[in-house]
Amino acid sequence: MSNSFKIAVLAGDGIGPEVMAGARQVLDKISETQGVSFECEEKLVGGAAIDATGGPLPEDTIKTCEESDAILFGSVGGPKWESLPPEIQPERGALLPLRKHFGLFANLRPAVCFPALTHASPVKEDRIAGGFDVLCVRELTGGIYFGSPKSIEEQDGEKVAIDTMVYRASEVERIAHVAFTAAAKRDCRLTSIDKANVLQNGILWREVVERVAAEYPDVKLDHLYVDNAAMQLIARPRDFDVVLAPNLFGDILSDEMAMIAGSLGMLSSASLGKSKGDGLYFGMYEPSGGSAPDIAGQGIANPIAQILSVSMMLKFSFGLNDAADAIDGAVRQVIDKGYRTGDIYTGSDDQKKVGTVEMSEAIVNLIS
Ligand code: IPM
Ligand code: MN
């Protein structure tokens, strides 16, 4: 197995660069403790790239990503670029093209509420006592995000907007395999989300997921309509293990889960393409939260989501499972020791309020 890995580091905007600094320190520590080397190349993306080059995703950034084993992504966007034409805004002009260009069809979003952080969740504590751990598997390169036609046009004297939801059976099949495989390694329960009572897409989605299920007899499958899922997830999050959803529904439900989990600042994500054959994937790893312009530059952002994204990268793209476990363990310990950035601080005596740098260092020091 290789022990040298190339990483395209795209810190982006807002809190991106601050939390990325913590992630880089973690990589340095892993490199020391595990005897592996990481070659990190920083490139521009999002608003930072617009300011420097006029566009949100320079050719040179794509090229570096193509030459790398994985992309470590921060966050993009902010008020400064919100009034630009939609196609060059950081989110639409950088994130979506990166996903499409690299065929990153499988988006894994773990929504983990640590037992010690249930108080940070807006859900009543008795419904989440002991915390929960739900994995959202979202299809990321199809559905209504990318279907054509997609336009705003003039018809009979008024504007008409068109978005098209398209799923091919093969697209549903490959994301279903990702979800079943993940469930088989966890608690063997999978909930598939659709709107089969209204959408043709829902009928096909359900049919294909049922067919794939036959290959995973150990995994218990159930189906929920997306509207019902939105209610059930908030009412009884502990009952869910893996949730599989089409692109748009997964976008919405994963934000709901993030909110229920307590802090967006804690949640990582992985966007994966096809397996390279050795069980490893090219992937893009990023915090679930955004660029948080309101707190950018103050040194108070929670670096944990970015650091846990490093852990996912080590596991899925590099096969460094021990190193990933070491990072996850250090994050758990730092929470148990009471370290809290502002987003998860509630002021009790056993908590120590810290900033981005202090939190990152505390985690680095706990990695062995
Ligand atoms: C996400 C984001 C993106 C999405 C936006 C920024 C395009 O909300 O990653 O969930 O809708 O996929
Ligand atoms: Mn989203």
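L104 sits in the loop that links α4 (90–101) to β4 (106–113); helices (H or I, at least four residues) and strands (E, at least two) are DSSP runs, numbered from the N terminus. The model is predicted, so local features need pLDDT of at least 70 and side-chain atom pairs count only at pLDDT 80 or more, while totals for chains, interfaces and linings use all residues. Residues are numbered from 1 along each chain as its sequence is written, and side-chain values use heavy atoms, with hydrogens and water left out.

With 0% relative accessibility, L104 counts as buried, meaning under 20% relative accessible area (1.4 Å probe, protein chains only). Beyond its neighbours within four places in sequence, L104 has contacts with residues including L140, L272, G283 and M284, where contact means heavy atoms within 4.5 Å.

Strand β12 (residues 281–287) is largely enclosed by the rest of the structure, because six of its seven residues are buried. Strand β11 (residues 268–275) runs antiparallel to β12 and is joined to β12 by six bridges; two strands pair if DSSP finds at least two bridges between them. One of the bridge pairs is L272 with G283 of β12. Strand β3 (residues 70–75), by contrast, runs parallel to β12, with two bridges, and L72 has Y285 of β12 as its bridge partner.

Over in helix α9 (residues 247–261) lies E256. E256 is buried but has no salt bridge, and R127, the nearest side chain of opposite charge, is 10 Å away. A salt bridge here takes a side-chain nitrogen of Lys or Arg within 4 Å of a carboxyl oxygen of Asp or Glu; Lys and Arg count as positive and Asp and Glu as negative, with His and the chain ends not counted.

Methods
Chains lettered and ligands numbered in written order. Buried < 20%, exposed > 50% of the residue type's maximum accessible area, 1.4 Å probe, protein only.
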